[in-house]
Amino acid sequence: MFLSFLFLFPLSVLPVSWIFNSQPQEVPGTPITYDYIVIGGGTAGLTVASRLTEDPNVTVVVLEAGSNVENMPEVYIPGFAGSGMSFPDLRWDYETVPQEHLGGRRTIVGAAKALGGGTIVNSMIFTRGEKWQYDAWGSLNNDENWSWSALLPYFKKLEHFTPPTQAQIYGGAQIKEEFHGTSDSVGDGGRVEVGFPNYFYEQSQMWRTATGFQPSPDLSNGSPQGTVGVSTNSLDAHNNTRSTSVSAYYTPFASRSNLNVLTEVTVTKILWGERESHDPPLRASGVEFQYRNGYTGTFNVRREVILAGGTIGSPKILELSGVGNSTILEAAGVDAVLELPTVGENLAGSIPFTSWHDMDLTWPVEMIDHVHSWANAFTNATLTRDSLRLDPKLLEEQRALWELNRTGLLSASPRSLSLALPSQLYADGQFTNFIQQARRDLLYYANLFSNGNQHLANGIEWQYNMMLNSWEQNESAPVELNFEPGYSGPTSADDRPKRKYSSVNAVLLGPLSRGRTHISSSDPFEAPVIDPQYYAHPLDLLTHVKSIELARKMLRTRPLDSIYEGEFEPGEEMVDAEVITWAREVAASDNHAMGSLAMMPIHMGGVVDGRLRVYGIDNVRVVGQLICVSLLSASDVKADHSDASIIPFPISSHIVSTVYAIAEKASDFIIEDFRATSE
């Protein structure tokens, strides 16, 4: 144990007291100075640290609160994704304030607590958003660096892509090579292994047919909306193991003398250099941190502090450091050093419902159902993921098979998904009426969610116009439906029938509600106050309800009807308002939160500029590390966690590939900016 501990922390970096005294009585002498300090060793943090240390003259330290768990079977075996018994120990479970539109319930927003961040515990889904959304992102910032054509080279750069085999193509895998990184036959390729699994459940193909959607030629081509397909996975197709930011960006380079990665270290605040007045800009001089045994130390920084702590963690660190809304900071006992009032605002999540402002909303009979959630049914399919839970002998056999040749049920990472357009959710003309109502109330909700900040109200107004235009023109998918060949839902394994299931997850990809996350104390170990405002905008629930109805219908549609043995949840007896009530009672977070440090112009409520620099600070950059928000099963951990704090509005995708691309681009920005200032 002691030896493995030493390997994690090079002796040249460790204070002597850490090695010989588990409870140091005083801080060792002069702090070590690094060129770059990276706060957060997740998806983005490890990517940036690895790229920067390709220059042997650059020194980088990464500070991560979690542990290195890369060698846990629950992490690297695809079939165990989301079901590991130890996974609850690898997450920050942030409790929200009571959610008015969820009946006053508190929910949990999860964030990964491990080296590698969300890539350690997510479902390995590796898709991209819609082309027009990235273009809109660039348009919002008047910056072509953030557009589909500018980001595509980075999407390709990060991938080491393995094209599907004939067997995988037969199982439904489809790709267009021009949208992907190089394979083994062409050079070294990118860092993140991307490919397809070795096992496909038959019912997944049946579901894709039942959707009635057009097959996608490639879900990563920038035009996934309105189609259905098999998702690529962050998976090493050669040995059928999960690919993480640890395996991609750290482990192969851990021997670099200029790269130090410290785990189980909590950053408590950013330290600021002296300045002649209280006027911007600030300049970071280092960071303060605390090790697990209570030791408090500091590192100095020569060039930049790079913030990659997550959509919840990153604004928390800025606020603890005195950057944010001074009223909030002073109430928490923190001295404000920079007024930046939209830190922690613009939080976008996916979930509940209230009556429309000045509108008597009625529910047509066909518009039943609920919030993000699930529809699931009993099935007579021969094999499901439940089979492994129900039959310990089968699990033992499948584990042996995977160890032998990387095949069988544990080699599967089954994710067939569809991106539903408004026309696929709503009857003709129905959605148009709701869009018109949303336009009439646009300024009301923009001001409501801006928390009294007119600049942010301007930004939200811009977002709303952009999103409503795309939906009105039927060009964007507000909802993802993905199929689970097993149980997915709110009921724990102990409380549901011991049977096999088919499930459809409905994920609201384009919520209009906006919330916030803020500190309430100067104690860095106290959780922030999180208010996602789930379904505070009525169009969120309207759309989500329609997606659940569509999911229920799919489970009863040919050919999936041949293995259908009755609906379990929400239950065939539930219709209309009963389903809405059920949804309010069970809806939870899918952990795709974003937007809390939005990249937008400052006059629109932005926190970072187009080169990811925090407004008013010389040398602090946010590179994005994501935690995503849709809805989790109470019994399984299946979520994407990565820092999407800079993404200004929701994109129609699981976010991890976008976070990797942001981090790759950020690395280039950092290098370019240093060279420009050094010349």
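## Sheets and salt bridges in a predicted model

The "active site" annotation of an unreviewed UniProt entry covers His592 and His654. His654 is placed in the loop between strand S27 (641–642) and helix H21 (656–678). Helices (H or I, at least four residues) and strands (E, at least two) are DSSP runs, numbered from the N terminus. With a relative accessibility of 6%, His654 counts as buried. Buried means under 20% relative accessible area, exposed means over 50%, and partly exposed lies in between (1.4 Å probe, protein chains only).

The model is predicted, and local features need pLDDT of at least 70, side-chain atom pairs count only at pLDDT 80 or more, and totals for chains, interfaces and linings use all residues. Residues are numbered from 1 along each chain as its sequence is written, and side-chain values use heavy atoms, with hydrogens and water left out.

### The open sheet

Seven strands make up an open sheet with mixed pairing, in the order S7-S8-S18-S19-S20-S17-S23. Two strands pair if DSSP finds at least two bridges between them. At the edges are strand S7 (214–215) and strand S23 (564–569), each of which pairs on one side only. Within the sheet, strand S17 (residues 373–379) is joined to strand S20 (residues 501–508) by six bridges in the antiparallel sense. Ala377 has Ser502 in S20 as its bridge partner.

Helix H19 (residues 538–555) lies across S17, strand S19 (479–484), S20 and S23, and runs at about 160 degrees to S20. Contact here means heavy atoms within 4.5 Å. Axes are lines fitted to C-alpha atoms, for helices over the stretch in contact, and angles run from 0 to 180 degrees between N-to-C directions.

### Salt bridges

A salt bridge is a side-chain nitrogen of Lys or Arg within 4 Å of a carboxyl oxygen of Asp or Glu. By this rule there are 24 salt bridges. The table lists three of them.

| Pair | N to O distance |
|---|---|
| Glu54 and Arg191 | 2.7 Å |
| Arg385 and Glu484 | 3.2 Å |
| Arg552 and Glu567 | 2.8 Å |

Glu54 and Arg191 form a salt bridge. Glu54 lies in the loop between helix H3 (43–52) and strand S2 (60–63), and Arg191 in the loop between helix H8 (166–170) and strand S6 (192–194), so the pair ties together parts 137 residues apart in sequence. Glu54 is partly exposed at 42% relative accessible area, whereas Arg191 is buried at 15%.

Arg385 and Glu484 also form a salt bridge. Because Arg385 lies in the loop between S17 and helix H13 (386–390) and Glu484 in strand S19, this pair ties together parts 99 residues apart in sequence. Both Arg385 and Glu484 are buried.

The salt bridge between Arg552 and Glu567 involves helix H19, where Arg552 lies, and strand S23, where Glu567 lies, so it ties together parts 15 residues apart in sequence. Arg552 is buried at 5% relative accessibility, and Glu567 is buried with a relative accessible area of 8%. Elsewhere, salt bridges with shared partners join Glu304, Asp609, Arg611, Arg613, Arg621, Glu672 and Asp673 into one network.

### Strands S12, S13 and S14

Strand S12 (residues 265–272) pairs with strand S13 (residues 284–291) in the antiparallel sense over seven bridges. Val267 has Phe289 in S13 as its bridge partner. S13 also runs antiparallel to strand S14 (residues 296–307), joined by five bridges. S13 and S14 form a hairpin with four residues between them, and Gly294 in the turn has a positive phi of about 95 degrees.

Note on methods. UniProt positions are given in the numbering used here, feature names are shortened, and annotations may be inferred rather than shown by experiment.
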